[in-house]
Structure formats: C-alpha cells, structure tokens
Amino acid sequence: MLGKSQELGPQRKRVDGATVFRRFTDSVKANGGDEDCYSKVVITETNELFGCGVRELYKATGGKPNRRDTLPHEAQQAYMVNETLSAYELERMEGTIGGESQKDVNEKIDAVVREQSKQTRKWLPW
Amino acid sequence: MDSTTASITMKLPEVKEKVRYIWELLNQWNGVVLLPEKFDQEMKTFGDRRYKKTWVKALCKFKAMLAIEGCLDSWMLLTSTFDFRPERWDYEYRHQIFDEFLMYPEAVEIIKTGLEDIFHKDFDIQQREKADGFFRLLEEREGPNRAIGFTTRFAGEISGVRTAA
C-alpha cells in the first residue's frame, strides 16, 4: 500500500557558506589546482571584493578569525555570490585549463577567479 | 621505510624556484609587477643565500604565511593546507612549515576551531578523512621533542594511525 511513498526523495540540505566554499574548492581541484592554489584564490577574491587581506578583514569587522560565519552578513553574502559564480565558471572551463607546470595551472585558475571577483565587485554597494 | 616517510628531496634550484613562487603568491596585488630587488632584499634577511638551509628556512616561513593569509575557514587548514601527504612537493618540510605556523599567536586557536568544525559540524567521515595527513603530522610530533601533539580523534576513523588511549 505504501508503495512508492517509501521511496526517498533527493537528499538536500540548506546551502550555507561552507557548502558553497566546498563546491568552489572542488572546482579548483577539478581544474588541477593544488593546495597552494586554494590559499591563493582565497587571497585573490578577498583582495578584489574587499580591498584587503583575510586577516585584515576579520580584524576590521570584529569577526572571530577564520570563522566565516562570524563575518558581517554582507561579507558572507559577497563570498557566497562570488564563490558560486567562480565555481560555475571553473566548472565550465574544466578540461581546458592546462599548463607546463603546476605553477602555470594555478596561475590560470587564479586568473579566472580574479576576473570573476572583479565582475562580482561591480555589483556590490561598497 | 615507513610509507609516510618522504622519499623525494628537493635540490637547491628547485627549492629556490618554490621560494620565489610562494613569495609571488603572497605579494601579488591586482596583477602589479613584482620587483626582483624586493625579493632579493627580503631573502637577505634569512641569511647566507649560498646555503640550501637559508632557502629552506625562507620556504617554510613563506608557506606558513600563505597558510595564515589564505585561511578563510579554519577547517580548510586541516583538510587541505596541512593535509600533508607523501606525494606533495612540500612533504619533506612539513614539520618545519608547521613550526613556523605555530609562531603566529593565533595558530593554536585556528587549529582548535578547525578541529571543532570537522568533528562537530555537518562533516561526514569522507570530508573528515581529508584531514588524515594533518593527523599523521601530529602523530609524528607526539613525544618529548615537539611541543604539540593532539590526541583528539575518533577511534577507528583514521587508518594506519593508532587511536588515543
């Protein structure tokens, strides 16, 4: 009697900053980026979106260092928007980013994130 | 030989190349061209540049700086930045990099919050396993010679690592 009603629907959870960031880093990895590249793209997007470094951002906003959920909501939203769009762009480019060295690959990924961050910045009110 | 023991040793030219690269990552800002003189000036502060140990010191210092400067989320430090695995180019210098990182006043707090995240938030086992390289690093540091040796882990979750008593 219960039949299909017992089948589970897609397992979904609320999207938060961590979910978005994971997808972003997955897209960096899928394009060949390494651990140095993860750190670099975070520095790049922070520079472009807020005009400062990660440590400065936490200090200036009174957030608990390295806890994204303690940043002002506007900052969290900006990261979410930018990392979502950057991930889409990197996913689109998957398989096309090559290079002679890890450095080349990392630089190309960083350039994609920088360009997207510049675009995102234009839509932000600050 | 233990499978986690580094088998590749970088030669001096390669170390130099890596130092330069990490320095560039740290200093690029809006695509501004970096002056070679600035790099030379900074390198002089590490000592005699004829020796490999000088370059290794700079490498570890810059890598620790990159870890701090590029850390938006504490957990990422454990699941990526310090997830030292033998195939990584910086594996042989993992302890020295971590020592440099511990020089930062906020270092222990970052690790603490990172551990809280990976053990208490909605992290599943697969995601937590990404920090295995970090836990192995700590395992290697346990004992009288190193200051930090965490025993905070869940029994049976980390293969090849003995569980806390």
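1. Buried residues of helix α1 in chain A. These are A:Val20, A:Phe21, A:Phe24, A:Thr25, A:Ser27 and A:Val28. They span an arc of only 155 degrees around the axis, so they sit on the same side of α1(A). Buried means 20 or more other C-beta atoms within 10 Å of the residue's own, with C-beta atoms placed from the backbone. The arc is taken over the directions from the helix axis to the C-beta atoms. Helices here are DSSP runs of H or I with at least four residues; strands are E runs of at least two; both are numbered from the N terminus.

2. Basis. The model is predicted: local features need pLDDT of at least 70, side-chain atom pairs count only at pLDDT 80 or more, and totals for chains, interfaces and linings use all residues. Residues are numbered from 1 along each chain as its sequence is written, and chains are lettered from A and ligands numbered from 1 in the order in which they are written.

3. Packing of α1(A). Its buried residues pack against α2 (35-50), α4 (73-93) and α5 (102-123) of chain A. Just after the helix, A:Gly32 has a positive phi of about 100 degrees.

4. Chain B. It has eight helices and zero strands. Buried residues make up 31% of its 165 residues.

5. Core. The largest nonpolar core holds 55 residues, and B:Leu59 and B:Cys71 touch the most other members. Such a core is a set of buried Ala, Val, Leu, Ile, Met, Phe, Trp, Tyr and Cys residues joined through C-beta atoms within 7 Å. Helix α3 (residues 52-69) of chain B gives the largest share, nine residues.

Technical notes. Buried ≥ 20, exposed ≤ 12 C-beta atoms within 10 Å, placed from the backbone. Contact = placed C-beta atoms within 7 Å.
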